[in-house]
Amino acid sequence: KDQTYDLCYNAILRNPHALEHVNTQVEVSCIVAVNIDGLALQHVRYQTQEIIDTALRQNPEAAKFINTY
């Protein structure tokens, strides 16, 4: 099935961990996902500082999913 932006965004709103299955992750969708559940950070391929900060504010335990490479 084609992964349109709207389809992916709506899936993330229902389940932030759906981000794992999104082929093309855009920053705004990643921010939305980690704002709902910080632990969704584990599925973010390209972690910006804003995404990391949002995840940590939502759930400090997300720190274990920060990419260090």
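This is a predicted model: local features need pLDDT of at least 70, side-chain atom pairs count only at pLDDT 80 or more; totals for chains, interfaces and linings use all residues.

Now the layout. The protein chain has three helices and zero strands. From the N terminus on, the order is α-α-α. The radius of gyration is 11 Å, close to the 11 Å that the globule rule gives for 69 residues, so the chain is as compact as a globular protein of that length. Along its principal axes, the C-alpha trace spans about 35 × 25 × 15 Å.

Next, the inside. Of the 69 residues, 36% count as buried. The largest nonpolar core has 16 residues. Those with the most contacts inside this core are Ile12, Leu19, Val34, Leu41, Val44 and Ile51. Helix H1 (5-14), helix H2 (27-36) and helix H3 (49-58) each supply at least two residues of the core. H2 gives the most, with five residues. In soluble globular proteins, nonpolar side chains tend to be buried together.

Take Ile51 first. Leave aside its neighbours within four places in sequence. Ile51 is then in contact with Glu27, Cys30, Ile31, Val34, Leu41, Val44 and Tyr46. Among these partners, Val34, Leu41 and Val44 are also on the list of residues with the most contacts inside the core.

Now Ile52. This residue lies in helix H3. Is Ile52 buried or exposed? Its relative accessible area is 10%. Buried means under 20%, so Ile52 is buried. Not counting residues up to four places away in sequence, Ile52 touches Leu41, Gln47 and Ile66. Leu41 is therefore a partner of Ile51 and of Ile52, given that contact means heavy atoms within 4.5 Å. Ile52 and Ala63 are eleven residues apart in sequence. In space they are 8.1 Å apart, C-alpha to C-alpha.

Step back to the whole chain. Count the contacts between residues at least 6 apart in sequence: 16% of them join residues at least 24 apart. The chain has 5 positive and 8 negative side chains. The centres of the two sets lie 5 Å apart.

Conventions: Residues are numbered from 1 along each chain as its sequence is written. Side-chain values use heavy atoms; hydrogens and water are left out. Helices (H or I, at least four residues) and strands (E, at least two) are DSSP runs, numbered from the N terminus. The radius of gyration is taken over C-alpha atoms; the globule rule is 2.2 Å times the number of residues to the power 0.38. Buried means under 20% relative accessible area, exposed over 50%, partly exposed in between (1.4 Å probe, protein chains only). Lys and Arg count as positive and Asp and Glu as negative; His and the chain ends are not counted. The place of a charge is taken as NZ of Lys, CZ of Arg, CG of Asp or CD of Glu. A nonpolar core is a set of buried Ala, Val, Leu, Ile, Met, Phe, Trp, Tyr and Cys residues joined through side-chain atoms within 4.5 Å.
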